Amino acid sequence: MSISETWFARAQNVMPGGVNSPVRAFRSVGGGPRFIRAAKGSKIYDVDGNEYLDYIGSWGPMILGHAHEEVEAAVMQAVKNGLSFGACSEPEVRLAELVCGNIPHVEMIRMVSSGTEAVMSALRLARGYTRRDKVIKFAGCYHGHSDSMLIKAGSGALTFGVPDSAGVTKGAVADTLSAKYNDLDNVRALFAENKDKIACVIVEPVAANMGVAGPRDGFLQGLRDLCDANGSLLIFDEVITGFRLCFGGAGQYFGVIPDLVTYGKIIGGGMPVGAYGGKKEIMSQVSPLGPVYQAGTLSGNPVAMAAGIAALQYLLDHPQVYDKINALGEYMAQEIRKRTRYTVNQVGSLLSLFFTEETVGDYDEALRSDTAKYAAYFHKMLEHGIYLPPAQFEAVFISDAHSRADVDHTVETIGKVLQEIE
Ligand code: KE4
């Protein structure tokens with residue numbers, strides 16, 4: 001038995017599925033997860049001493065690579081002053097000023113501790129601000145595990161949401177409507193069917209939880225126009241795209257300005273941080289200033305803030321990081337396309353290889369992928385020391401620590417592996 005297997009056996013005795021987040025259990029690709037003991041740059045190291053070239057980067061936070069000196073130094077320094085005060089502190093103001101001072105459409109921000117918490121709070125704020133109940137999300141987009149977001153994909157555009165998890169009540173999803181990504185007509189129909197009842201549309205401006213599927217030309221602007229025409233708010237869930245496509249995220253990258261944004265991952269530099277923000281007029285509705293309640297013991301935690309400040313400051317001081325990782329993403333996608341007939345979607349430093357030859361622009365199309373083939377591909381790549389997402393419907397994340405040589409080695413291996421599994 002490998003040491004990872006030994007640890008996984010122990011883990012399953014005391015944690016559901018042996019994990020603290022389902023995707024880590026390798027259930028959609030089979031086999032047992034690797035227990036990771038350390039990471040540095042673009043590499044991770046498991047408890048059996050294996051080295052892997054890592055394309056998960058903790059699912060997005062590690063845009064600068066693992067164990068970045070400046071982020072680690074900032075955390076070590078902050079720790080010396082104590083771990084948590086439950087009181088106001090300078091670091092939370094500094095991180096808020098870094099975001100609001102550099103992203104014009106975020107005039108005010110509230111820190112929380114995860115992307116889920118950011119989305120849950122932003123939805124409550126949109127409902128409180130508009131005094132409307134219904135929200136529109138898109139099939140295949142994931143916005144964390146708050147009840148109202150766990151509805152069956154494609155649960156019928158004109159009917160109530162259907163729970164997609166045990167324990168989520170019909171009532172909890174009754175006001176959640178599911179639309180088709182990249183389909184403005186579908187959204188238009190929802191607005192027509194629910195006149196003056198829709199508080200907001202929440203969207204991943206680049207879908208990355210069905211695998212990567214970018215917005216088709218005009219889609220995001222179309223959502224902006226529909227929200228304006230109907231007095232609804234547009235929420236960009238930028239937990240993945242925020243500070244990744246460019247510092248200003250999808251709003252800046254595509255030139256479509258949301259009313260609210262949610263953040264996670266990169267904003268915490270690898271520590272547990274989420275946030276939601278937007279126009280001051282809307283954010284002023286949040287407690288204690290306004291009637292929309294939201295709170296959190298570890299919100300604005302000074303050690304987590306120190307990591308976020310260091311990561312975002314580095315990105316502001318080194319904008320060339322974006323040129324590099326976005327160019328590497330484009331290069332990797334085009335090199336993979338030379339080696340397969342399967343579909344490769346890429347936006348910036350995010351990409352996915354789908355095991356289908358058809359286009360993938362929405363969830364139904366993503367579901368045409370051959371997930372068994374993906375599983376075989378995943379394990380062969382793992383054997384070659386390349387750690388990809390253990391599920392077809394996730395994204396590859398490229399970091400500033402990845403080199404052109406890393407990508408060349410990866411695409412050559414992909415070429416070989418695809419031949420082996422065909
Ligand atoms: P967290 O609560 O996991 O911090 O964020 C939830 C979330 C919200 N919005 C988007 C667009 C997200 O992608 C996520 C979480 N992303 C997944 C990766 N697909 C996290 C990995 C996991 O669940 O373990």
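How far does a polar side-chain atom of Ser21 lie from an oxygen atom of the ligand? In this predicted model, the separation between that polar side-chain atom of Ser21 and the ligand oxygen is 2.6 Å.

| Residue | Protein atom | Ligand atom | Distance |
|---|---|---|---|
| Ser21 | polar side-chain atom | oxygen | 2.6 Å |

Taken alone, the ligand exposes 540 Å², of which the protein buries 85%.

The surroundings of the ligand comprise 16 residues, and the closest of them are Ser21, Thr116, Asn209, Asp237 and Glu394. Sorted by class, this shell holds seven polar residues, five nonpolar ones and four that are charged. Both domains contribute to the shell, since at least three of its residues come from domain 1 (3-67 + 319-421) and at least three from domain 2 (69-317).

As for the protein chain as a whole, its fold contains 14 helices and 14 strands, and 57% of its 422 residues count as buried. Along the principal axes, the C-alpha atoms fill a box of roughly 55 × 55 × 45 Å. The radius of gyration of the protein chain is 21 Å, which agrees with a compact globule, because a globule of 422 residues would have a value near 22 Å.

Conventions:
Residues numbered from 1 in each chain as written. Predicted model: local features only at pLDDT ≥ 70, side-chain atom pairs only at ≥ 80, totals over all residues. Heavy atoms only, no water. Near = heavy atom within 4 Å. Polar contact = N/O pair within 3.5 Å; in protein donor to acceptor, adjacent residues only side chain to side chain. Areas by Shrake-Rupley, 256 points an atom, 1.4 Å probe, with all protein chains shown as cover. Nonpolar A, V, L, I, M, F, W, Y, C, P; charged D, E, K, R; others polar. Domains from an automatic or database assignment. Helix = DSSP H or I, 4+ residues; strand = E, 2+ residues; numbered from the N terminus. Rg over C-alpha atoms; globule rule 2.2 N^0.38 Å. Buried < 20%, exposed > 50% of the residue type's maximum accessible area, 1.4 Å probe, protein only.
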